[in-house]
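Please look at the sequence and the structure shown below, and then read the briefing that follows. It begins with the chain as a whole and moves on to individual side chains.

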Amino acid sequence: MKLAKYYPSEFDENKLRELGFQLDSFIVYAQKCDRKFLNLKGIKDLARVMVETKVDQTWTHVYLLVKFTLIIPVATASVERAFSSMKYIKNDLRNRMDEDFLNNCLVCYIKRGIFETVSNDAIINRFQSMKTRREQL
């Protein structure tokens, strides 16, 4: 219930109340009615069994909460990676750059594996063809 309060766009007051009822009934169901929910090793096993038994369609709010729980580590790691990358990009020399340029630099730095596959000649040709220039790049 505490986690659901951090997602107000998904869980308004009515849905929070429904989630409380769904959690209570789901816990009883999982403990006493369906043996597949016994001896699960983690949250990913819970999500897998919920989908296999199709209870994700019955207890939709509970399943949404389970999905958020699975997504949190990935989202957190992505944000941390972006902030640690920002230290390299936004240094004293570039401290006054505007947000668009900073964002573009961060995208290039974070996704550098993709940009490494593009040749320098392809980039030069692309910029050269954008408009006429006095000098060849």
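Predicted model: local features only at pLDDT ≥ 70, side-chain atom pairs only at ≥ 80, totals over all residues.

Residues are numbered from 1 along each chain as its sequence is written, and side-chain values use heavy atoms, with hydrogens and water left out.

**Overall architecture**

- The chain has six helices and zero strands, with helices (H or I, at least four residues) and strands (E, at least two) taken as DSSP runs and numbered from the N terminus.
- Of the 137 residues in the chain, 25% are buried, a word that here means under 20% relative accessible area, whereas exposed means over 50% and partly exposed lies in between (1.4 Å probe, protein chains only).
- Among contacts (heavy atoms within 4.5 Å) between residues at least 6 apart in sequence, 41% join residues at least 24 apart.

**The nonpolar core**

- In soluble globular proteins, nonpolar side chains tend to be buried together.
- The largest nonpolar core has 20 residues, and those with the most contacts inside it are Phe11, Leu19, Phe26, Phe37, Met50 and Val62; such a core is a set of buried Ala, Val, Leu, Ile, Met, Phe, Trp, Tyr and Cys residues joined through side-chain atoms within 4.5 Å.
- Helix 1, helix 2 and helix 3 are the elements that give two or more residues to this core, and helix 3 gives the most, with six residues.
- Leaving aside its neighbours within four places in sequence, leucine 19 is in contact with Met1, Ala4, Phe11, His61, Val62 and Leu65.
- Alanine 4, found in the segment before helix 1, counts as buried at 0% relative accessibility, and, with neighbours within four places in sequence left aside, alanine 4 touches Phe11, Leu16, Leu19 and Leu65.

**Aromatic pairs**

- The count comes to six aromatic pairs, under a rule by which rings of Phe, Tyr and Trp (its six-membered ring) pair if their centres lie within 6.5 Å, with planes under 30 degrees apart counted as stacked, over 60 as edge-to-face and the rest as tilted.
- Phenylalanine 26 is in helix 1 and phenylalanine 37 in the loop between helix 1 and helix 2 (43-52), eleven residues apart.
- Phenylalanine 26 is buried at 7% relative accessibility, and phenylalanine 37 is buried at 8%.
- Phe26, Tyr29, Phe37 and Trp59 form one aromatic cluster.

- Arginine 48 and aspartate 45 meet in a salt bridge at 3.5 Å, N to O, and both lie in helix 2, three residues apart, about one turn of the helix.
- Glutamate 52 and arginine 48 meet in a salt bridge at 3.3 Å, N to O, and these two residues of helix 2 are four residues apart, again about one turn.
- Salt bridges that share partners join Asp45, Arg48 and Glu52 into one network.
- Aspartate 45 is buried with a relative accessible area of 15%, arginine 48 is partly exposed at 41%, and glutamate 52 counts as exposed at 51%.

Conventions:
Salt bridge = Lys/Arg side-chain N within 4 Å of Asp/Glu carboxyl O.
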